[in-house]
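The following questions and answers work through a predicted model. Please keep the sequence and the coordinates at hand while reading.

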Amino acid sequence: MGKKLLLVVLFLCVAFVVSGQDKKDKIAIGFNYGFGSEFNNRNYTFTNHFYKAQLYYRIKETKHFQYEILAQPEINFATHQLLNFYFVKPQTPDYIQKREEYTKLKNVHEYVLNLGFLIRKPIGKIFSIYALASIGPMITDTQTERMSEGFAFADVLAFGVLANVNKFRFDMRPSIRHVSNAGLNGENAGYNTRNVEIGISYGL
């Protein structure tokens, strides 16, 4: 937790100490690191950290707003554990064995390609705030009581603040993430997490 707090403080220091100007680049590439956990509940734990590549393309700009699309390849490292073994109901085949299996702490890897749409509001020459929504296909490598192994989707809603420093953009965004498989595979209760991301991108 200390390292994560240090990263957030470092972002804020850079944003407020340096100054720059938006060069109106239409394309930017970057990298984000994020971490988070499940919303408090009695059924399960889910903690995660992840890495994202970022590719932005500005499709339109008006007097007050900028509109961008982006692609975000992501790898997510998570730990998950069932807390309430009654979540696995007696009508489930081999339910006693599955309760024992699912209540063990598991490592989960997720491989995601999110595609998003972003609306940005510049504030002066340096800062901007934005809202971002994205969705994309995902592969998860671990079977749990909430999600089948294999194909799924990741949906993200985020709000962020960005600081332009010459061609560099320093970014911080809290987000809400939902993962499920839309009923395409067996288990589909999914995960809901709250996350924080920090990142840097470069305008081309």
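Q: In what order do the helices and strands of the protein chain run from the N terminus on?
A: The secondary structure of the protein chain comes to two helices and eight strands. Read from the N terminus on, the order of these elements is α-β-β-β-α-β-β-β-β-β.

Q: How many bridges join β5 to strand β6, and in which sense do the two run?
A: Strand β5, residues 127–140, also pairs with strand β4, residues 106–123, in the antiparallel sense over twelve bridges, and in that pairing R120 stands opposite Y130. On β6, residues 150–165, the bridge partner of I129 is V161. The pairing of β5 with β6 is antiparallel, and the number of bridges is 14.

Q: Which residue in the hairpin of β4 and β5 takes a positive phi?
A: The hairpin of β4 and β5 has three residues between its strands. The positive phi found there is near 75°, and the residue that takes it is G124.

Q: Which strands hold R58 and E68, the two residues of a salt bridge, and how many residues apart are they?
A: The closest N and O atoms of R58 and E68 are 3.8 Å apart, and the two residues form a salt bridge, one of eleven that the structure holds. The pair links distant parts of the chain, with R58 in strand β2, residues 44–61, and E68 in strand β3, residues 66–82, and the separation is ten residues.

Q: Which parts of the chain does the pair of R177 and E74 tie together, and how many residues apart in sequence are they?
A: R177 forms a salt bridge with E74, the closest N and O atoms being 3.7 Å apart. Because R177 lies in strand β7 and E74 in strand β3, the pair ties together parts of the chain whose separation in sequence is 103 residues.

Q: Which residues do salt bridges that share partners join into one network?
A: The network of salt bridges that share partners consists of R58, E61, E68, R120 and R169.

Q: Which elements give two or more residues to the largest nonpolar core?
A: The largest nonpolar core has eleven residues in all, including Y44, F46, A78, V108 and V112. A78 is in contact with F46 and V108, among others, when neighbours within four places in sequence are left aside. The elements that contribute two or more residues to this core are β2, β4 and β6.

Q: Which residue does the side chain of T193 join through a polar contact of 3.1 Å?
A: T193 has its place in strand β8, residues 191–203, and is buried, with a relative accessible area of 2%. Residues that T193 touches, not counting those up to four places away in sequence, include F46, N48 and R177. The polar contact of 3.1 Å joins the side chain of T193 to that of N195.

Q: Is P90 buried or exposed?
A: P90 is found in the loop between β3 and α2, and P90 touches Y95 and R99, not counting residues up to four places away in sequence. With a relative accessible area of 52%, P90 is exposed.

Terms used. Residues numbered from 1 in each chain as written. Predicted model: local features only at pLDDT ≥ 70, side-chain atom pairs only at ≥ 80, totals over all residues. Heavy atoms only, no water. Pairing = 2+ DSSP bridges. Helix = DSSP H or I, 4+ residues; strand = E, 2+ residues; numbered from the N terminus. Salt bridge = Lys/Arg side-chain N within 4 Å of Asp/Glu carboxyl O. Buried < 20%, exposed > 50% of the residue type's maximum accessible area, 1.4 Å probe, protein only. Contact = heavy atoms within 4.5 Å. Core = buried A, V, L, I, M, F, W, Y, C linked by side-chain atoms within 4.5 Å. Polar contact = N/O pair within 3.5 Å; in protein donor to acceptor, adjacent residues only side chain to side chain.
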